[in-house]
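Please look through the sequence and the model below before reading on.

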Amino acid sequence: VITKIRARQILDSRGIPTVEVDLHTNKGMFRAAVPSGPSTSTGVHDVVELRDGDKGKYLGKGVSGVIKNINGKISEALIGMDPTLQTQIDQAIVDLDKTENKGELGANAMLAVSIAACKAGAAEKEVSLYKHVADLSGQTNLVLPIPAFTLISGGKHAGNNLAIQEIMIVPIGAVTFEEAMQIGSETYHHLKGVIFEKYGPTGCNVGDDGGLAPNISSFAEGLDLVMEAIDRTGYSGKIKMALDVAATNFCIGTKYDLDFKSPNKSGQNFKSAEDMIEMYTQLCRDYPIVSIEEPFDKDDWEHTKLFTNLRICQVVGDQLLMSNIKRIEKAIDESTCNALLLKVNQIGTITEAIQAVKMATDAHWGVVMSHRCGETEDSFIADLAVGMATGIIKAGAPCRGERIAKYNQLLRIEEELGDKAIFAGKNWRLP
Ligand code: PGA
Ligand code: ZN
């Protein structure tokens, strides 16, 4: 049973406070930390990442209130519970909060405890964490996801002029996760070489997710650099590409400002949604792109749907969905996009994350397990991706500790599963 719960404030990979929990049972101590993104939540149903707001401490971003909520109310409610009963634990946490958006206790409080309990539940059953997750989500297949590695960073994740947030490679021709990892790492290092030759050492600085961040400004320029790196690896046939445009960040009114970070704008790079559709269509012809995330503003459901229905590539809903059950339901009904970006900290509990994934897969959507720009060394999403068989995981570049923590855990899981390991590979969309 759960005997003690203690939370503390730690820092994420950006140096911003976040929550860590130590949950104790008779089997030992189980630790979990929550990731964090830029707060962009707007809807009334979107969950709240609670922060202190005391400008005198950590510029208002402290989480001491959240820590109090865990050590107080949440701890009192959960002491004595069986950690294998994830649904009951999550329900108990959710019931403590009187709001719909988890604003009283904070979704960050809930997620830390929910993950720690999940780890404790696995230990109680003496099974691996991914296996426990699979049991909870009714999955019989344990599937190693395809990694989508961020090779080039832009948008709000990097200090260059590039509007698009992430240019990723997806090694769908790999036969094992380990091979995908090798392909990712080698391509990354070749890309570093390509960029060094063209832009010198400053081009090799990295963004929040570890992607290289040369000072380029067009999507095609970035894609060309990656293509050249792929050529140098000799894996051309095995690698596809994916984009996270994060277009919400540069939508102004009805226009998309591709120069949004540039101090001297010419105004030439203001694109209409129709221009953007044309650009994506052309890019998908010129490059092996299989997936585009957030191609339009989070509130531009109309053009997202229009583009999705061209069926050129997978269209992933990030801020459009906010990993929110109600939004996912609406997007399924209206065929707005055809894949879910799953950010667990936008949901709050493991049980609700499982529900969201089930809803998406029942609608034959793809599911992308996702990290956040603010990460920790906790590798939980790796086990979650295997146990829920999401088919794909994006955890940043094959570089920087907090990104690698997830990929390394997937290497360990594949080794542990041995012959039983199923790698999503070419079935990444519907494993
Ligand atoms: P975020 O980035 O954590 O900044 O939201 C991740 C993503 O957009 O996929
Ligand atoms: Zn995104």
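Which are the buried residues of H11? They are Phe380, Ile381, Ala382, Asp383, Leu384, Ala385, Val386, Gly387 and Met388, where buried means under 20% relative accessible area, exposed means over 50% and partly exposed lies in between, computed with a 1.4 Å probe and with protein chains only. Because nine of the nine residues of helix H11 (residues 380-388) are buried, this helix is largely enclosed by the rest of the structure. Helices (H or I, at least four residues) and strands (E, at least two) are DSSP runs numbered from the N terminus.

Before going further, note that this is a predicted model, in which local features need pLDDT of at least 70 and side-chain atom pairs count only at pLDDT 80 or more, whereas totals for chains, interfaces and linings use all residues. Residues are numbered from 1 along each chain as its sequence is written, chains are lettered from A and ligands numbered from 1 in the order in which they are written, and side-chain values use heavy atoms, with hydrogens and water left out.

Just after H11, Ala389 takes a positive phi of about 50°. At the end of the list of buried residues in H11 stands Met388, which is 31 residues from Val357 in sequence and 7.7 Å from it in space, C-alpha to C-alpha. Val357 belongs to helix H10 (residues 350-362) and, at 5% relative accessibility, counts as buried.

The surroundings of ligand 1 come next. The ligand has 14 residues around it, the closest being His157, Lys343, Arg372, Cys373 and Lys394; a residue is taken to be near a molecule or strand if one of its heavy atoms lies within 4 Å of it. By class, this shell divides into three nonpolar, four polar and seven charged residues, with Ala, Val, Leu, Ile, Met, Phe, Trp, Tyr, Cys and Pro counted as nonpolar, Asp, Glu, Lys and Arg as charged, and the others, Gly among them, as polar. Oxygen atoms of ligand 1 lie 3.0 Å from an N or O atom in the side chain of Asp318, 2.9 Å from a polar side-chain atom of Arg372 and 2.7 Å from a polar backbone atom of Cys373. The protein covers 95% of the 270 Å² of accessible area that ligand 1 has on its own, an area that comes from the Shrake-Rupley method with a 1.4 Å probe.

In the loop between S12 and helix H8 (301-308) lies Glu294, which has a positive phi of about 45° although it is not a glycine, and which is buried with a relative accessible area of 3%. Most residues other than glycine have a negative phi. Glu126 also has a positive phi, near 55°, and lies in the loop between helix H3 (107-125) and helix H4 (129-137), but Glu126 is exposed, with a relative accessible area of 63%.

The unreviewed UniProt entry carries the annotation "domain: Enolase C-terminal TIM barrel" for residues 141-431; such annotations may be inferred rather than shown by experiment. Over residues 141-431 the chain is 37% helix and 18% strand, with its end C-alpha atoms 9 Å apart. Thr150 is found in strand S6 (residues 149-153) and counts as buried at 0% relative accessibility. The side chains of Thr150 and Glu166 are joined by a polar contact of 3.0 Å, that is, a pair of N or O atoms within 3.5 Å of which, within protein, one must be able to donate a hydrogen and the other to accept it, while residues adjacent in sequence count only if both atoms are side-chain atoms.
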